[in-house]
Amino acid sequence: MYVILLGPPGAGKGTQAALLAETAGLVHVASGEMFRDNVRRGTDLGKQARSSIEAGALVPDDLTIAMLLERIGRPDAAGGATLDGFPRTIKQAQALDDALAQRGRQVEKVLMIGVGEAELLRRLSGRWSCPDCGAIYHEATNPSRVDGHCDRCGHPLSQRDDDKPSAVKHRLQVYREQTVPLIAYYQRVAKLVRVNGEQGPREVSRDLLAALEAVSA
Ligand code: AP5
């Protein structure tokens with residue numbers, strides 16, 4: 001099944017997509033991580049996306065849509081995936097619907113992780129992540145076992161450039177303006193389920209899984 005994780009920056013989309021990969025075996029497709037990987041490798045796409053990401057703005061729709069549709073066309077995602085960070089605009093959502101419809105598929109569920117702004121700021125300012133394998137930590141609530149290094153692969157952890165306060169403020173504004181309209185878009189087709197994201201990661205995951213089980217039942 002194709003499942004979208006929707007929610008503001010820092011809501012826990014990446015954390016939850018990793019848990020869904022463990023528990024439900026759903027392939028994790030994360031647009032932000034794909035862009036950051038292209039930036040690190042210095043690809044043409046990375047060069048085009050870099051300034052938008054650092055400023056906390058969206059990468060243009062045409063680049064984003066092409067990248068994501070190519071990714072979900074690969075064999076490991078042909079049967080379904082968790083989409084983390086995509087779609088983020090109405091144009092992206094329409095492109096996804098069209099592409100899946102051409103394959104006789106559709107988005108099954110959109111899981112909206114709700115978290116208030118004060119908690120988002122706390123999460124983003126304390127986030128550390130592994131630039132190598134993508135594992136996500138928080139210095140207070142989910143620290144790595146070996147200080148400053150990834151538990152999974154041992155690589156040194158880093159903080160994202162777009163977690164600086166000025167970029168975070170812009171990301172939240174962009175979310176409100178460009179991504180919040182997706183809530184109504186998916187409510188209209190009865191695909192949206194809201195989950196309380198202000199619980200511990202395991203509790204959020206439990207609620208997401210319950211929503212998915214209701215789809216497959
Ligand atoms: P992206 O990487 O998608 O960033 P985002 O949507 O802003 O989301 P984040 O990754 O910041 O947060 P998250 O919700 O995944 O939270 P996390 O699990 O890390 O996008 C980055 C940029 O790429 C965009 O700004 C844009 O430029 C570009 N881009 C990407 N997609 C695009 C698109 N479709 N179109 C155009 N441009 C695009 O958790 C956050 C912290 O909280 C962590 O420290 C974690 O440990 C902690 N935490 C998580 N859950 C909990 C919990 N339940 N309780 C306590 N702490 C928790």
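**Close-up 1. Gly 42 and helix α2 in the predicted model.** Just after α2, Gly 42 adopts a positive phi of about 70°. This view, like the others here, comes from a predicted model. Helix α2 itself spans residues 31–41 and packs on the sheet, where it touches β2 and β3 (81–84). The direction of α2 makes about 65° with that of β2. If you look for the residues of α2 that are buried, you will find Ser 31, Met 34, Phe 35, Arg 36 and Asn 38. Their cover includes β2, α3 (44–55), α4 and β3.

**Close-up 2. The open sheet of five strands.** Reading across the sheet, the strand order is β2-β3-β1-β4-β7, and the pairing is parallel. At the edges sit β2 (28–30) and β7 (192–196), each of which pairs on one side only. From one strand to the next, the twist averages 25°.

**Close-up 3. Strand β1 and its two partners.** Here we zoom in on β1, residues 2–6, which pairs with β4 (residues 107–114) in the parallel sense over five bridges. Val 3 in turn stands opposite Lys 109 in β4. With β3, strand β1 also pairs in the parallel sense, over four bridges. A handy landmark for the β3 pairing is Leu 5, which stands opposite Asp 84.

**Close-up 4. The two faces of β1.** Five of the five residues of β1 are buried, so the strand is largely enclosed by the rest of the structure. Both of its faces are covered. One side carries Tyr 2, Ile 4 and Leu 6, while Val 3 and Leu 5 are on the other, and all of them are buried.

**Close-up 5. Gln 16 in helix α1.** Gln 16 lies in α1, which runs over residues 13–24. Is this glutamine buried or exposed? Its relative accessibility is 3%, so Gln 16 counts as buried. Setting aside neighbours within four places in sequence, Gln 16 is in contact with Leu 5, Ile 113, Pro 201, Val 204, Ser 205 and Leu 208.

**Close-up 6. Helices α4 and α5 side by side.** The axes of α4 (residues 61–72) and α5 (residues 90–102) come within 10 Å and cross at roughly 30°. The two helices are therefore roughly parallel to each other. The crossing in which α4 passes α5 is right-handed. From α4, the contact is made by Asp 61, Thr 64, Ile 65, Leu 69 and Ile 72. On the α5 side, look for Lys 91, Gln 92, Ala 95, Leu 96, Ala 99 and Leu 100. Sorted by class, this contact has seven nonpolar, two polar and two charged residues.

**Close-up 7. Glu 177 in helix α7.** For the last stop, we turn to Glu 177, placed in α7 (residues 165–179). Glu 177 has a relative accessible area of 52%, so it counts as exposed. Glu 177 and Gly 56 are 121 residues apart in sequence, and their C-alpha atoms are 13 Å apart in space.

Methods: Residues are numbered from 1 along each chain as its sequence is written. This is a predicted model: local features need pLDDT of at least 70, side-chain atom pairs count only at pLDDT 80 or more; totals for chains, interfaces and linings use all residues. Side-chain values use heavy atoms; hydrogens and water are left out. Axes are lines fitted to C-alpha atoms, for helices over the stretch in contact, and angles run from 0 to 180 degrees between N-to-C directions. Angles under 35 degrees count as roughly parallel, over 145 as roughly antiparallel, 65 to 115 as roughly perpendicular and the rest as oblique. A crossing is left-handed if the near helix is turned anticlockwise from the far one by less than a right angle, and right-handed if clockwise. Contact means heavy atoms within 4.5 Å. Ala, Val, Leu, Ile, Met, Phe, Trp, Tyr, Cys and Pro count as nonpolar, Asp, Glu, Lys and Arg as charged, and the others, Gly among them, as polar. Two strands pair if DSSP finds at least two bridges between them. Buried means under 20% relative accessible area, exposed over 50%, partly exposed in between (1.4 Å probe, protein chains only).
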